[in-house]
Amino acid sequence: MRLEAQIALITGGSGFLGINLVRYLIKKGYSNILVLDIIDFDYPDVASQIEFINIDIRDSKRVSEVMDKIDIVIHAAAALPLYTEQEIFTTDVDGTSNLFASAFDSKVKRFIQISTTAVYGIPDHHPLLEEDDLISVGPYGKAKIQAEKISLQYRNKGMCVPILRPKSFVGPERLGVFALLFDWAKDGHNFPIIGNGKNHYQLLDVEDLCQAIYLCMQLNMEKVNETFNIGAKEFKTMKEDYQVVLDRAGFNKKILTFPALPVIYFLRILEFMKLSPLYKWVYETASKDSFVSIEKAEKNLGFSPKYSNQEALIRNYEWYLGNIDKIQGKFGVSHRVPWKQGILGLLKKIF
């Protein structure tokens, strides 16, 4: 059977990564794509080319009902950091366990686990390697570490389980925390960042993440049955990379820098009072270097990122401008919608 003829299951397929992966695989010739999500798949451009089933991955019975016909699982479903701790652990740990158990029983050929570089926590060195300790911050990172442990258990049982640890990824359909930058840029405001902005903070274009997933679907199982960091190849300082969005907006505005320690204490108070959408891992790492080595993915997979940090941000911002009418007035806790700015929206007027 041709690989493109195999049935690929994408969990969380209605989300930011999911829709980009669906479109990517369709362009690569995949015609058998099953999307599982609790959110409707509302993308008319490709809806007729996939099968969508509304299933919560925490429902082991319903998951088992669909797994028998699956050849490849791409597990992208997750409760993100703004969800409650209970939702995070039941989805990211229990849901992952359900999927693996069902896939193992159904003899699924390979299971691609989408993890995160948040599993490294706040590190004391760079670049980060796949062998570095996993000491994370907050419920999301801790849950993702547990999900990786489950993944390794099934790899040890003989399953092919590539684990991908992507940096924060951006691109078409991405909103979430990045909507703050895009909104302030669109309205002609300066944008404040934590620290002096000289730190190197690696991002990743979602298309490049899709490339890595595709390679794990296509290449020899022995070659891909590993853990891989995935990130941009080219990135500059945070101040330089974020400035390109303000330059693209055309109002001659600047990235403004502020001492990290007092800002972090201020944001801790705002988070405690639920007045800010920024959570600890975002503001505690924003002023620090944050980048991983992608040499293993380059060597083993032939991974070759197409976009730099700056190109990925501009691509995301231009998508934002082109879809602003659909976005306005929508808020939530996923990457698909803007996060409520809270008191940060008031600060916007100052800058």
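The model is predicted: local features need pLDDT of at least 70 and side-chain atom pairs count only at pLDDT 80 or more, while totals for chains, interfaces and linings use all residues. Residues are numbered from 1 along each chain as its sequence is written, and side-chain values use heavy atoms, with hydrogens and water left out.

A search of the whole structure gives 18 salt bridges, where a salt bridge is a side-chain nitrogen of Lys or Arg within 4 Å of a carboxyl oxygen of Asp or Glu. One of them joins R165 and E148, with an N to O distance of 2.7 Å. R165 sits in strand β6 (residues 163–166) and E148 in helix α4 (residues 138–156), so the pair links distant parts of the chain, 17 residues apart. Helices (H or I, at least four residues) and strands (E, at least two) are DSSP runs, numbered from the N terminus. R165 is buried because its relative accessible area is 4%, and E148 is buried because its value is 3%. Here buried means under 20% relative accessible area, exposed means over 50%, and partly exposed lies in between (1.4 Å probe, protein chains only).

R315 pairs with E207, and their closest N and O atoms are 3.8 Å apart. R315 belongs to helix α12 (residues 309–322) and E207 to helix α6 (residues 206–218), so this contact ties together parts that are 108 residues apart in sequence. R315 is partly exposed at a relative accessible area of 22%, and E207 is partly exposed at 25%.

E318 forms a salt bridge with R248, at 3.1 Å between the closest N and O atoms. E318 lies in helix α12 and R248 in helix α8 (residues 238–249), so parts that are 70 residues apart in sequence are tied together. Both counts are partly exposed: E318 has 40% relative accessibility, and R248 has 36%.

Salt bridges also link D183, K186, D187 and K348 in a network.

I269 is found in helix α9 (residues 260–272) and is partly exposed, because its relative accessible area is 47%.
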